Amino acid sequence: MQLLFWNLGNRPLIDPLADLVMDLRADVVVLAEFTESPSTITATLSDRANRRFFEPPYGLRSQRIQVFHSLPYAAVQPVYGGAHEAIMRVVPPLGREFLLVGVHLPSLLHRTDDDQQAKCEDLSELIRRCEEDAGHRRTVAVGDFNVDPFHRGIVSAKGMHAVSSRAVAARQQRTVDGKTYPFFYNPAWSHLGDRSPSPPGTFFYRSSHHVAYFWHSFDQVLVRPELLPVFSDESVSVLTKAGARQLLDTEGRPDGASGSDHLPICFELDVERTTTDAI
Amino acid sequence: MPSKDLWNRLSTEAQDFVPPSKILKEYADSLTEATNGLLVGWVDSLGKVDMMTHTFVVRVPALNNYTFAVLRIRHPLTGYPVSLYPELAAAQPAFAGSEEELRANLEDALREPKVQSAMSALLAQAATIS
């Protein structure tokens, strides 16, 4: 199953998005900051990709993040829709069901680090509650977290508890001060800096402060250890083209004129392999 | 001026050679026929440098054209040896040095219990909707 996330930056990018969906054969498309109506998006994607795209049933719709898919209509059911997150129950035709968490956290421009950490902690607790209700932890979270992989909201046990190493995440959970916290694995760490074949991040910001990272990886996918057997790091890509449209400017930075200020990311989940004896 | 018979030998040799993709397509088509089109098998081919990769994909029209990959085969431009990589079953890759071996490997891979149960599950869902 191919999944795509893109923060469209409130720009009219429906055509390059459709090209991207067609080229990737994306099954699930998670969007933030889109300008077109959901019905326009589903119609355009359906037409271009030559298969029908749906938005999940109206109930529990998030304000800032939306999930579209071309699985059978009933395969994606909303579980929770909040101000900054949309949690879906995905029941694929083949393989075991999993939880998909679409995320679009508030921007740091209007918040402090402590605010972001608190938001991550709230999100983490919400995910754990939904997992308890679902009876499993086959969960993947994808979206614009508006913080980097090393932000304490992403790293801390009470936050997303997302670590850079598969081997560490495969230990399932960690006990801190007598309480147990499950891990996420965060492949975004491997995409930081120049050694990655893709750009050094998904968002570029030139700051005038003393500490300036310039490149940020705000757009991330976090995977629970229960899904690691069907998740390959090689499948994660930061995309620099959408159809024929280049998404980078001449300096190799996200081109807000031709695309969004965020680069899209895609990844695969081989959920067809999730049988009772695999996971 | 090129010789008039320069390419004659090539076409003669090609007639004796059954490309691995064609063999895979036979199996894909047999699935479509056996399920009366409820499951549609097709072969997605990709050539890169000097290796060809062909994926046996199943499409389910009744499930909004849900598609998944069953297995992949890879081979050099010369055709053999062919490596077969199961996508559904967690099995080791198999290798074929001839058409006969490839057919035997494909039979084994497609008879894997996980592949058969996946096909049955999709067929049941498709039949319910159709």
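Student: By how much of a helical turn are A:R129 and A:E125 separated in helix α3 (residues 113–134) of chain A?

Tutor: This is a predicted model, in which local features need pLDDT of at least 70, side-chain atom pairs count only at pLDDT 80 or more, and totals for chains, interfaces and linings use all residues. Residues are numbered from 1 along each chain as its sequence is written, chains are lettered from A and ligands numbered from 1 in the order in which they are written, and side-chain values use heavy atoms, hydrogens and water being left out. A:R129 and A:E125 form a salt bridge with their closest N and O atoms 3.7 Å apart, the term meaning a side-chain nitrogen of Lys or Arg within 4 Å of a carboxyl oxygen of Asp or Glu. Because the two residues are four places apart in the helix, the separation is about one helical turn.

Student: Is A:R129 buried, partly exposed or exposed?

Tutor: Buried means under 20% relative accessible area and exposed means over 50%, with partly exposed in between (1.4 Å probe, protein chains only). A:E125, its partner in the salt bridge, has 41% and falls in the middle class. A:R129 has a relative accessibility of 45%, so its class is partly exposed.

Student: How many residues apart in sequence are the parts that A:R166 and A:D233 tie together?

Tutor: The side chains of A:R166 and A:D233 form a salt bridge at 2.6 Å, N to O. A:R166 lies in helix α5 (residues 166–169) of chain A, whereas A:D233 sits in the loop between β14 (219–223) and β15 (237–238), so the pair links parts separated in sequence by 67 residues. Here helices (H or I, at least four residues) and strands (E, at least two) are DSSP runs numbered from the N terminus.

Student: Which elements of chain A do the buried residues of α1(A) pack against?

Tutor: Helix α1 covers residues 14–24 of chain A, and its buried residues include A:I14, A:L17 and A:V21. Contact means heavy atoms within 4.5 Å. The buried residues pack against β1 (2–7), β2 (28–32), α2 (38–49), β16 (241–242) and β17 (245–246).

Student: Which element gives the largest share of the lining of the largest pocket?

Tutor: On a 1 Å grid over the protein atoms alone, a pocket is an open set of points with protein on both sides within 12 Å along at least five of seven lines, where a 1.4 Å probe fits, and lining residues have an atom within 4 Å of a point. The largest pocket has a volume of about 1,500 Å³, which is the space filled by probe spheres set on grid points joined across faces, edges and corners. Of its 36 lining residues, those closest to the centre are A:R25, A:E268, B:D44, B:T55 and B:A69. Two or more lining residues come from each of α1 of chain A and β1 (40–48), β2 (51–60) and β3 (66–76) of chain B, and the largest share, six residues, comes from β3(B).

Student: Which residues of chain A lose the most area to chain B?

Tutor: Buried area is the accessible area (1.4 Å probe) that two parts lose on being put together, summed over both, and for chains A and B it is about 1,200 Å², 52% of it on carbon and sulfur atoms. On the side of chain A, 43% of what is buried belongs together to A:P93, A:L94 and A:R273.

Student: With which residue does B:E87 form a salt bridge?

Tutor: Across the interface of chain A and chain B there are two salt bridges. In the one that B:E87 forms, the closest N and O atoms are 3.6 Å apart, and the partner is A:R273.
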